[in-house]
Amino acid sequence: MSFLTRLTSATLVMLAGLHVAWGKGSTFPFVDQQQLADAVVGTDEVPAPASCFAVAAALTAGSAVVLGVPRLPRALRTTGLLGMAGVFGLRGALGLAGKTDLVSPGSSSVRFRGLDRRLYSPVCIGLALGCLSARRY
């Protein structure tokens, strides 16, 4: 298994952990809920805990697909990896273009858009490439 595949999986797990923490009320790495919402969502309010936990579950499942655990039929795993690459790639491209609000209405604060272009979108594009790379294993 390649370094990129392991890095992609680990990144997905770390992001899942952040979403679980946020779902439990943590504001890490921000001071309060308002700063968290502005920087991470681009709105005035953080999503409901159920939404945070759903994202965490999806990211965790994605990490498992990247690692190939459990073993899935090759066609199913490939379809999952291509789907994830498509979602992360689209999210990254929209963020770089300043259009994240097309898939996440209201994500329009100045702080969010800056972070989106400099951090979130490049990470999404990296995850897309990692998912594509994982198809070889």
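Author: What follows goes from the overall fold to one helix and then to a few loop residues.

Author: This is a predicted model, so local features need pLDDT of at least 70 and side-chain atom pairs count only at pLDDT 80 or more, while totals for chains, interfaces and linings use all residues. Residues are numbered from 1 along each chain as its sequence is written, and side-chain values use heavy atoms, with hydrogens and water left out.

Reader: How many helices and strands does the protein have?

Author: The protein has five helices and zero strands. Helices (H or I, at least four residues) and strands (E, at least two) are DSSP runs, numbered from the N terminus. In sequence order the pattern is α-α-α-α-α. The radius of gyration is 15 Å, close to the 14 Å from the globule rule for 137 residues, so the protein is as compact as a globular protein of that length. That radius is taken over C-alpha atoms, and the rule is 2.2 Å times the number of residues to the power 0.38.

Reader: What does the C-alpha trace span along its principal axes?

Author: About 45 × 30 × 25 Å.

Reader: And how much of the protein is buried?

Author: Of its 137 residues, 37% count as buried. Buried means under 20% relative accessible area, exposed over 50%, and partly exposed in between (1.4 Å probe, protein chains only). As for contacts between residues at least 6 apart in sequence, 67% join residues at least 24 apart; contact means heavy atoms within 4.5 Å.

Reader: Let's switch to α4. Which residues does helix α4 cover, and what span should they have?

Author: Helix α4 runs over residues 74-96, which is 23 residues, and at 1.5 Å a residue it should span 33 Å. Its end C-alpha atoms are 32 Å apart, which agrees. The expected span is 1.5 Å times one less than the number of residues.

Reader: Which residues of α4 are buried?

Author: They are R77, L81, M84, A85, F88, R91, G92, L94 and G95. An α-helix has 3.6 residues a turn, so residues three or four places apart point the same way.

Reader: What covers the buried residues of α4?

Author: The cover includes α1 (3-23), α3 (49-67) and α5 (110-134).

Reader: On peptide bonds, which one is cis with omega near 5 degrees?

Author: The bond from F28 to P29. P29 sits in the loop between α1 and α2. Another cis bond joins V69 and P70, with omega about -5 degrees, and P70 belongs to the loop between α3 and α4.

Reader: Back to the loop between α1 and α2: is T27 buried or exposed?

Author: T27, which lies in that loop, is buried, with a relative accessible area of 16%. Leaving aside neighbours within four places in sequence, T27 contacts W22, D32, Q33 and L36.

Reader: Where is D32 found, and how accessible is D32?

Author: D32 is also in the loop between α1 and α2. D32 counts as partly exposed, at 30% relative accessibility. D32 and V20 are 12 residues apart in sequence and 16 Å apart in space, C-alpha to C-alpha.
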